[in-house]
Amino acid sequence: MNFPILSSLILLPAVGALFLFFTRSNKENNITVKYVALFTSLVNFFLSIYLWILFDQSTSEFQFVEDRVWIKDLINYKVGIDGISILFIILTTFITPLCIISVNNSIKNRLIEFLIAILIMESFMIGVFCSLDLVVFYLFFEAGLIPMFLIIGIWGGTRRVYSAFKFFLFTLLGSVLMLIAIISIYWISGTTDVVQLYELGIDAKYQNLLWLAFFSSFAVKTPMWPVHTWLPDAHVEAPTAGSVLLAAILLKMAGYGFIRFSLGLFPIASEIFTPLIYTLSVVAIIFTSLIALMQEDMKKLIAYSSVAHMGFVTLGIFTIQQQGLEGSILQMISHGLVAAALFLCVGVVYDRMHSRLINTYGGIVSIIPKYSVLFMLFTLAALGLPGTSGFVGEFLILMGAFKENFLVAVIASLGVIIGAAYMLWLYKRVVFGKLVNSDLKQMVDLNKSELFILSCLAVPTLFFGFYPEPLINTIEVSISNLIKVYNFNLVSN
Amino acid sequence: MTNLALVFPEIFLSLSIMFLLILGVFKKNSSKLIQNISLIILLVTSVITLNETLGIKETLLFNSSVVIDYLSSFMKIVTLLAAFLVLVISSNYLKNLKIFKIEYPILILSSVLGMMIMISSNDLIVFYMGLELQSLALYVLATFNRDQLKSSEAGLKYFVLSALSSGLLLYGCSLIYGFTGSTNFNIIANQLNSNEYAITFGIVFILVGLAFKISAVPFHMWAPDVYEGSPTSVTLFFTMVPKIAALTVFIRFLYVPFLNLIDQWQMILIFLSIASMLFGAIAAIGQTNLKRLIAYSSIGHVGYTLAGVATGSNDGIQSSVIYITIYILMNLGLFSCLLMMKRNNKYFEDIEDLSGLSKNHPLMSLSLLVILFSLAGIPPLAGFFAKFYIFKSVLEQSMYFLAIVGLLSTVVAAFYYLRIIKIMYFDKEKEKYDTDHSLWLKFSLMFSTLLILIYFIFPSQLIEVVSRINII
């Protein structure tokens with residue numbers, strides 16, 4: 001491959017953002033500006049689809065690798081993808097245009113800056129998923145804090161300052177330890193190139209500490225219990241598009257990091273700390289599901305449900321079984337679609353009624369039927385009804401977990417039931433019941449763009465629910481290779 | 001025969017200072033002329049330094065009391081360019097405060113001369129001479145706005161405390177002279193008897209003096225008051241230029257004569273570094289005045305710079321030099337913004353005055369945003385790379401404690417940088433500021449912001465320049 005397709009994917013949104021930067025903002029060109037951003041992100045989306053077509057599913061080698069000297073004798077700018085990363089890239093490029101379409105009503109002021117922030121964010125997120133050098137990875141991973149901080153802080157709700165600070169400082173605190181680990185790896189192994197590190201392996205006596213340092217960063221970002229507290233705040237205060245990005249993609253960085261780095265680089269430590277992950281995951285699943293049950297605020301409820309879903313993901317990753325890992329990735333993709341859709345659903349009613357409280361609503365099914373149908377679909381997908389993408393992931397994860405640890409799997413399965421409870425109860429309280437609040441009669445049903453966005457999310461949710469084959473085919477070889485290498489390293493040490 | 005060409009920059013600078021003094025006496029209303037000539041002199045001196053000394057290998061002059069090597073040449077050029085930028089962006093500020101006088105550029109030139117001597121010194125006496133020359137000029141500069149009570153207070157405070165630290169430093173010098181029989185760095189290195197505890201005392205006293213000059217905790221007390229009281233352009237000078245010279249002396253003093261005693265001084269430096277990083281981060285949180293906040297933030301940054309020096313390796317020195325270079329760049333941008341906060345010829349320096357800046361001055365606040373995130377060390381901005389190199393060299397020596405404390409204090413420090421960003425971007429706007437800034441001010445803001453922003457594209461260049469520094 002001569003054409004640097006991955007770098008183009010990373011750079012294109014940034015170039016679009018640069019273009020927007022030189023555009024003068026006024027009321028008239030708001031539409032044009034949006035089209036520019038939309039166009040950029042759509043081109044990126046089609047480019048990533050093209051990438052998927054070119055992608056060779058039969059090998060676990062990294063493909064489309066670009067390797068350039070970046071800091072001489074120190075770091076190479078190295079990007080490349082395998083079956084694990086490509087799906088996340090597509091998820092990113094798929095969600096971003098939808099975010100841009102969705103800014104219609106919610107963002108009133110400083111539209112250009114908002115679009116710039118989203119595009120820059122997209123660049124960084126794609127960078128995270130395709131970097132094959134630890135320093136490059138860290139660079140993208142951390143850089144994402146800047147646009148997200150601004151998105152929450154400038155366009156957020158009433159407690160936006162608190163939430164933005166909490167988000168930024170929590171994540172930064174976790175990440176600096178990872179930076180120490182990365183530099184230590186450089187001195188231990190002489191390189192930060194992931195591919196070389198896979199081959200070299202890392203000395204067993206360092207693995208535990210390094211694993212913990214990476215864990216501190218990923219656990220905050222995932223987020224795992226008990227460091228999840230930033231997430232509900234950030235979600236509640238962020239504007240709809242920000243919540244969507246946060247839930248759909250940002251959280252996946254950590255899950256991806258666990259697979260790529262924690263399992264890939266530190267197999268011995270991963271084996272040692274598996275019980276820790278199991279415990280935290282199970283606590284997250286049960287505990288945050290129970291918290292979600294008691295929420296009054298829709299966004300907060302969905303935020304807590306995200307924590308619970310990510311608990312399934314971490315559980316699945318550390319089963320280190322083919323099914324568990326595949327399930328985790330599918331669960332992440334599915335959660336990316338479903339959580340994005342749910343936040344958009346909340347955004348839809350919020351734009352009309354300016355309230356996120358559940359008790360404001362009730363009995364809206366006859367007033368806005370289209371909305372109710374789509375909301376229903378995503379609610380069911382979130383609780384993992386067979387036939388939706390949510391089911392496939394959860395099912396595979398639990399299958400993997402049953403092989404590894406019966407007790408954990410049983411408790412996690414209980415979490416599925418609580419998950420169904422809070423989602424259905426949410427739906428019941430919002431959509432069904434008596435129409436108490438007479439203001440709700442003024443609500444209008446989904447407009448064209450909202451309908452379009454939600455349908456765009458509904459199609460893959462259903463499609464991959466019935467036919468997850470394309471996704472599984474893409475990741476299968478990479479996952480089985482990962483497990484093979486993992487077990488080999490475990491035995492050889 | 002001593003090769004005078006190598007000290008030609010210093011000779012040229014001192015002759016120019018004398019010429020300017022005479023010119024200032026005989027020509028009325030010559031402040032603008034002298035300002036311009038000084039700028040040219042600084043540029044010419046840096047060109048001479050570049051031409052005459054950058055390429056040559058280590059040379060000792062005047063009975064080996066002066067050393068010219070790559071480190072000294074590089075640091076001199078950085079000093080000269082930094083002084084040039086300070087001088088060029090401060091003229092409007094001085095005019096507005098009605099203190100645009102001939103003394104200002106001349107004092108800056110003489111303190112730069114002192115710094116150049118410090119940077120080249122290979123002898124305790126020469127070093128002390130340079131130090132006093134720069135300090136004397138700095139005392140006067142601090143009081144430059146003499147009708148203002150705060151400015152006079154700043155100068156006096158600085159003078160008294162600085163004199164105390166100079167005394168300690170001299171006492172250290174005398175101890176070292178007493179126990180080694182020489183003031184020359186190379187001879188000291190040869191005569192060193194590591195069993196003599198008095199030498200350790202001497203090192204400690206000198207380190208105290210140096211830590212004072214570079215404002216490292218616990219010898220930082222003067223910095224916030226002096227930074228706040230001095231005119232802003234002088235504060236800019238304080239935060240940028242003297243630190244370069246002090247860092248060079250730190251490096252040379254510790255690594256040339258006393259490398260063998262690294263066990264004795266490494267702990268001290270680690271302590272200075274950790275204390276500065278932590279204190280700078282924590283104390284800045286409560287500040288309301290921007291200049292005070294910058295003072296604490298500069299204390300923190302000095303901590304990171306010293307962490308590189310504490311490693312005892314060439315890599316560490318190089319990373320410190322990179323750090324201070326990038327730090328100067330960021331500070332330049334920061335102060336350019338500060339000098340732009342002017343309404344009806346009145347300057348504002350409280351953090352609250354930045355409120356809602358992003359609505360009224362989007363470009364200025366965007367630059368400030370970039371600079372602040374860079375100061376906080378968030379990738380992909382230049383400040384991150386500066387910290388990255390430092391911690392890379394620190395971890396090379398397996399100094400994990402220092403690295404962990406350092407990186408955790410960046411999280412604390414991030415809080416107060418974020419607070420400024422919050423005020424700029426999330427709060428309600430106030431009245432607009434004037435926009436009639438001089439071209440140079442706009443240029444320096446643009447220049448520093450762009451360099452910080454695009455540094456990640458060309459990170460190798462600076463490393464390559466610095467990698468020729470070779471002390472050990």
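Select I320(A): the residue lies in the loop between α13 (298-317) and α14 (322-353) of chain A. Helices (H or I, at least four residues) and strands (E, at least two) are DSSP runs, numbered from the N terminus. I320(A) is not a glycine, yet its phi is positive, at about 50°.

Some ground rules before moving on. This is a predicted model, in which local features need pLDDT of at least 70 and side-chain atom pairs count only at pLDDT 80 or more, while totals for chains, interfaces and linings use all residues. Residues are numbered from 1 along each chain as its sequence is written, and chains are lettered from A and ligands numbered from 1 in the order in which they are written.

**Chain A**

Zoom out to chain A. It has 19 helices and two strands. Its C-alpha atoms fill a box of roughly 70 × 55 × 40 Å, taken along the principal axes.

Now select residues 63-71 and 75-81 of chain A. These are strands β1 and β2, paired in the antiparallel sense over six bridges. Strands pair if DSSP finds at least two bridges between them. Pick I71(A): its bridge partner in β2(A) is I75(A). Then select D73(A). The hairpin of β1(A) and β2(A) has three residues between the strands, and D73(A) takes a positive phi near 60° there.

**Across to chain B**

Show both chains. How many residues of chain B are in contact with chain A? There are 24, and they meet 26 residues of chain A. Contact here is a matter of C-beta atoms, placed from the backbone, lying within 7 Å. Colour α16 (382-396), α17 (400-426) and α19 (459-466) of chain B: these are the elements that give two or more residues to the side touching chain A. The most comes from α17(B), with 12 residues. By class, this side of chain B has 18 nonpolar, two polar and four charged residues. Ala, Val, Leu, Ile, Met, Phe, Trp, Tyr, Cys and Pro count as nonpolar, Asp, Glu, Lys and Arg as charged, and the others, Gly among them, as polar.

**Chain B as a whole**

Chain B comes to 19 helices and four strands. The box filled by its C-alpha atoms is roughly 65 × 60 × 40 Å along the principal axes. With 472 residues, a compact globule would have a radius of gyration near 23 Å; the 21 Å of chain B agrees.

**Helix pairs in chain B**

Axes are lines fitted to C-alpha atoms, for helices over the stretch in contact, and angles run from 0 to 180 degrees between N-to-C directions. Angles under 35 degrees count as roughly parallel, over 145 as roughly antiparallel, 65 to 115 as roughly perpendicular and the rest as oblique. The crossing of α11(B) and α17(B) is left-handed; that is, the near helix is turned anticlockwise from the far one by less than a right angle. Show side chains: the contact includes I270(B), M277(B) and I282(B) of α11(B), and L402(B), V405(B) and A413(B) of α17(B). Its residues divide into 10 nonpolar, three polar and no charged.

Next, select α1 (residues 8-26) and α4 (residues 103-120) of chain B. They pack at about 160°, with axes 10 Å apart. That makes α1(B) roughly antiparallel to α4(B). This crossing is left-handed. Among the residues that meet are L13(B), I17(B) and L20(B) in α1(B), and L109(B), L113(B) and M116(B) in α4(B). The contact has 10 nonpolar, four polar and one charged residues.

α6(B) and α9(B) make a left-handed crossing. Look for K150(B), E153(B) and K157(B) of α6(B), and W222(B), D225(B) and E228(B) of α9(B), which are among the contact residues. By class, the contact has five nonpolar, two polar and five charged residues.

**Two cis bonds to finish**

Go to P218(B), in the loop between α8 (197-214) and α9 of chain B. The peptide bond from V217(B) to P218(B) is cis, with omega near 5°. Last stop: P380(B), in the loop between α15 (362-376) and α16 of chain B. The bond reaching P380(B) from P379(B) is cis, with omega near 5°.

Conventions:
Two residues are in contact if their C-beta atoms, placed from the backbone, lie within 7 Å. The radius of gyration is taken over C-alpha atoms; the globule rule is 2.2 Å times the number of residues to the power 0.38.
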